[in-house]
Each structure stands twice: as structure tokens, then as C-alpha cells.
Amino acid sequence: MKSLAAITFIGFFCVIWTNIPFPFPVPEGFPSPIYKFQNNPRTREGFELGRKLFYDGLLSKDGNFPCSSCHQQFAAFATYEHRLSHGFNDQFSFRNAPGLFNLAWKKELDWDGGINHIEVQPLAPLLDPHEMAEDLNHVISKMKKDKTYPVLFNRVFGSPGISSQRILKALAQFTASLVSADSRYDKMKRGEVHFNQYELKGYEIFQQKCSRCHQEPLFTDFSYRNTGLEVDSTLKDFGRMRITGRKEDSIKFQVPSLRNVFLTYPYAHDGRFVTISEVLEHYNSGVVQGPTLDSGLRKGISISSDDRFYLIYFLETLTDSSFIKNPLYADPAMGVRNEAPAHLH
Amino acid sequence: MQEKKLTALIKGTLFIIWKMPSPMLQRLKGFSYSLILLFVLGSFQKKEMDSTLSIQFRAYVHGVPLELNKKYQNPFGETFEITRFRFYAGKLAPVYTNANFKSKIPSHYHLIDFSDSATTRIELPVTAGIIYNGIQFQMGIDSADQNRGAQSGALDPAKGMFWTWNSGYINIKMEGNSPFSTQPAHIFEYHIGGYRNNYNTVWQIKLYSTNDQSFMISKEKKILIEIGMDLDYLFDGPTPIHIREIPSCMKPGELARKISENFIGTFTGLTISPNP
């Protein structure tokens, strides 16, 4: 009995010693995050385990589709150059993969806001037969047979065992830590650089014409809006209505952040726009009228070709190159990639 | 049993601290005093729940005990068999005859799964010597508990009761087949859930014994309470559900809410008997 108690004590101190607390830095000017790692204290070990899981094909049915297959660091964790992403058995995803950054500030995730908590988000792609096509119990049994996972989970959570809860909490330690706040725009805000005259002019136009929905500093107000996109007849995607069942929410999608917008093309929930110019032209001349159309878009947004020229200068300042090159977020086995690898599917 | 182990563990720990030779460890003695205090306080709290009540969920179809994969007929003459039947019951507690008496209601959930008879029986810690006249519980997972992120135990998403693309727990899952179903392979599937807006499928349920009996639990004399469920009412409820017309319900919405209303009508009452 004595030895049992002693082991408990030693074990307790070991947990304190090995799991180094890993404070979450909230960037200057950002609001307080929604996800504060409550019930999931952020540690370096937990973050590293989440990162390993994010890059591990073991989480998918055939081993080929880790989270990182659709969320690529060089594309700000969107899928590079793909309207829809590729998943298990040559299938397409239902929607365009969004970039993953500043997720700790999101109350609801996914284009339609159907996911209510960052920790349960990975379940959607993991169990979707078109994406990773896996089963939770099967993933757990594969991990239990692995050489390293049982040791890592034991170290992170202070006791042996692999469960869906532990997998999801570890993944959230990584995904919620993906903070992008070091773009040229951020440096300008911090007084480290000055915008040139084109960027300044673009910023001015942005504040007049775009910032009603793409509010600084996160460049979204997280609301759901119908931006006048025609419903694709093959996808039949009615957005937020699928979640709430309310007619008023038909064809509404969550306003995406414009941070890293140069890296996350194609655009819109179904990736129908390849370039930023196409998106701007949509607002200028392509808005489709409808009962749920956003009230501010009834007449579209008039964007002249001059406006477009300057806006693009400004939008380019939202690219955070230190984020996409941060080795902390890279594949632990490969390191940082600077461009799309040749074998990319 | 677990409690005994814990007590032994604490005693062992205290013993070690006591025998520590160095005077430097005086401070630890203070720490252990507080441990003793905590333990004493803890044991006072424990006293409140000093007996158990056994609760058994039992489902019937047309008066016959439910067995999975067996043919039945619903009140509309449709033959069917059930292959899977699970639902969430949480915050289970006895109801006191004295309305002024208040006690903490447990916050956790049970997944009642008729393919695993062990899950249909719950041992509930209760206070002995008090008169009860009913059982209360919550059918389904309420919105506070729907928004807690990754959970474990009965709420582990690996239990197959969680919608991933529209986060939320499936409160009732009934699957089976019927020649009357128009679906592939004649299956019917009712996955009932939803907690948002007007589509809430979570219900608070209070059940009393069929003959208004009240009961007292002592430490020695244990009681078994059977919660009877008559599945006929699932079909023949406020909203009639014909398998021919409604072979599936897979998402939150008006239909799910209506089926959940039928479902709570299946709880017909309590049967109280001494627990041998």
C-alpha cells in the first residue's frame, strides 16, 4: 500500500514536470478567443500530439487522407487550387476546404456553422464516407497497435488509454493554436511597416465596401449571409438552412475570413471562383436576387476597375508568410514546404 | 469497493508523510491535516447517498416484452422488427413525496441500449429513510451538454449517437425493417435528435407508480423499479407514424420533434417491487 501511494505521488509530480504549460498568445488587437482551452489545458506535448495526428494518414480508412491532405500549410491550410477536395475512393468533398487559422475565435465552424465546438469538428471529415471514411473505434484500435501513440497519449493525459475524447482534445490543441496575425497588414497596424500608396488606397476602398461583413481584425463578422450565388444544380447546397431547417436561412453561408485570401483560392463554399477578380466582379455585376439575399447586396457593390486594382493590392497584405512557413505548424516528419509538392493529388 | 481502495490509499499516503524523518517536512503535516479534513468532509457528504435504487427499463410491444430481430405488429397492422433501439436518459433521480426536500440531481447520462441488457438497468445512489413516490429523468441531451466539445462515457461520439455535420446527439435511435417500408431493403430508421430553436427533442419526464404507491428505501431493504415502455405509442401517438408513410427521420426538424413527443408517451409508468 505504501508503495502504491508513493507511486501515485511520484506519478503526480511527473505529470507536472513533463507537461510544460504552453500559454496561448492572443495577438494584439484581437478579441478574447471563444476557445480558451478550457478542460483541455494547452501543453507543448498535447500540441505536438495533435500536430502528429493532423499529419497522420492513420486517421483515414486507406491511409492516404490525413487532415493535412485537404488542409495544406502552404495554402494557409486550405486545399491548394482545388474547387472541391479529394477523399477516399476518388470522391469529392461536398464543399471547398476552408483555410484553418484563428479557429479559436469561431463559435460555429464549417460553411454552414453546423459544428458547435472546435473539439468535435474533426469528426465530420473523419467519418464522412467521401473524405477520410473512417470509424472512430477502428482509428482507436489502429492507434493502440501503434508503437508510439500509447506512449504519447499516456504522457499527454497522465494515464494510459486512447479514446475519441483524447484524440479530439489533442487535435484541438493543434488546430486552435493555428494563429495567423503576422501579415503585412498586421505589421502596418503595429507600426512596423508603412503601406505604400496603392495599399493605402485599397485599404480605404476595403473599409468603404467590404468591411461591413469582413470586419477587422479577423476579417469576418461570423454571420451567415446570402451573397447572391446561384445554387449549383448538382450540389444543391442551401447552406445554413440544412442546419436550422428555416427558410430564412436558405443559401446563407458563414462569411469567410479574408486573411490569407491570396493563398486560399478557389473561392466561395463550392470553389466556383478561381480568382479574386472574379469574386469582385460577382459583387459588382453578378449578384443573383432572391428572398434571402443580404440586404446590403440588393444593388450589388459597385467596384470599378480602379477599385479592383487597389483592392487587390490591399488584399495581398493579408498574406501571412510567417504563418505558412512556421515550422511549429509543419508536418513533424517533413518540415515546412514552400510550394505544392509534385505528387499532390 | 472503490471507496475502500481510496480510503486505504489516503491512509497509506498519510502514513508515509508521518514517517518522514526530516523536520523540513513539517509543512507537509499541515497539508495532511487538510487532507484529513477533506476526507472527513467527504465522508459527511457521502452519507447523504447511503443506499441504492435499482431501475430497470423494460420495453413491450403489444404487451409482449421486446426482443430485437423478432416480428411484431404495430397498432396500424404493419408488421416490423427492430434491429437496434437506443436512447439517452439522464439526470435520473427519485421524486420525493415532500416537495420541500431537495437533493442534488446527478448530471450524467445513460445510454439505454436494448442490444445490451446491462445498459437497461441502472443502480442509482439514493438517500435511505425518505419517502419517494416517483422517478424523474431527462430524455435526451440538453443544449448545455450538447455544447461541451469532446466528451466521454455515455456521450463518447464513438457510441454512434452523434451527428458530425450538424453537431448534436441523436437522442433516440430506432432501426429495423418492415415489408411496409418503401426504403431500400425495407428498412426503417428513426434517428431522433435536435436541441435548437423549435426543434427541441429533449423532454423532462416524471413517472409515478401505476397505483400511486409511494415507497421508502432503507439500507437493508432494496427496491427495484421497473420503468415500463409501451412501444405501440411510438406509432399510435399524438402524431400517428405509419411505417408506410414515414419510414425514416434522420435530422433535427419538425418531424423529429413530433416523433420524440410520441416517444415520451411510451413511458407508461412504474412498477415497484422489493429487490431480492
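Two strands pair if DSSP finds at least two bridges between them. Strands (E, at least two residues) and helices (H or I, at least four) are DSSP runs, numbered from the N terminus. The model is predicted: local features need pLDDT of at least 70, side-chain atom pairs count only at pLDDT 80 or more, and totals for chains, interfaces and linings use all residues. Residues are numbered from 1 along each chain as its sequence is written, while chains are lettered from A and ligands numbered from 1 in the order in which they are written.

**View 1**
E1(B) covers residues 51-61 and joins E6(B), residues 121-126, through six bridges. These two strands run antiparallel. B:Thr52 has B:Pro125 in E6(B) as its bridge partner. E1(B) also joins E13(B), residues 223-230, through eight bridges, and this pair runs parallel. Here B:Ser54 stands opposite B:Leu224.

**View 2. The hairpin of E1 and E2 in chain B.**
E2(B) spans residues 64-65 and pairs with E1(B) in the antiparallel sense over two bridges. B:Val61 is bridged to B:Val64 in E2(B). Two residues lie between the strands of this hairpin. B:His62 takes a positive phi near 55°.

**View 3. Helices H2 and H7 crossing in chain A.**
The axes of H2(A), residues 44-54, and H7(A), residues 164-175, come within 7 Å and cross at roughly 100°. Axes are lines fitted to C-alpha atoms, for helices over the stretch in contact, with angles from 0 to 180 degrees between N-to-C directions. The helices are therefore roughly perpendicular (65 to 115 degrees; under 35 is roughly parallel, over 145 roughly antiparallel, the rest oblique). Residues meeting across the crossing include A:Phe47 and A:Leu53 in H2(A), and A:Ile167 and A:Phe174 in H7(A). Contact means C-beta atoms, placed from the backbone, within 7 Å. By class, this contact has nine nonpolar, three polar and one charged residues (nonpolar: Ala, Val, Leu, Ile, Met, Phe, Trp, Tyr, Cys and Pro; charged: Asp, Glu, Lys and Arg; polar: the others, Gly among them).

**View 4. The two domains of chain A.**
The domain assignment, automatic or from a database, gives domain 1 (21-180) and domain 2 (184-319). Their centres, taken over C-alpha atoms, are 26 Å apart. The contact takes 23 residues from domain 1 and 23 residues from domain 2.

**View 5. B:Ala185 in its loop.**
B:Ala185 sits in the loop between E9 (168-177) and E10 (187-193) of chain B. It counts as exposed because it has 6 C-beta neighbours inside 10 Å (exposed: 12 or fewer; buried: 20 or more; partly exposed: in between). From B:Phe57 it is 128 residues away in sequence and 30 Å away in space, C-alpha to C-alpha.

Notes:
Contact = placed C-beta atoms within 7 Å.
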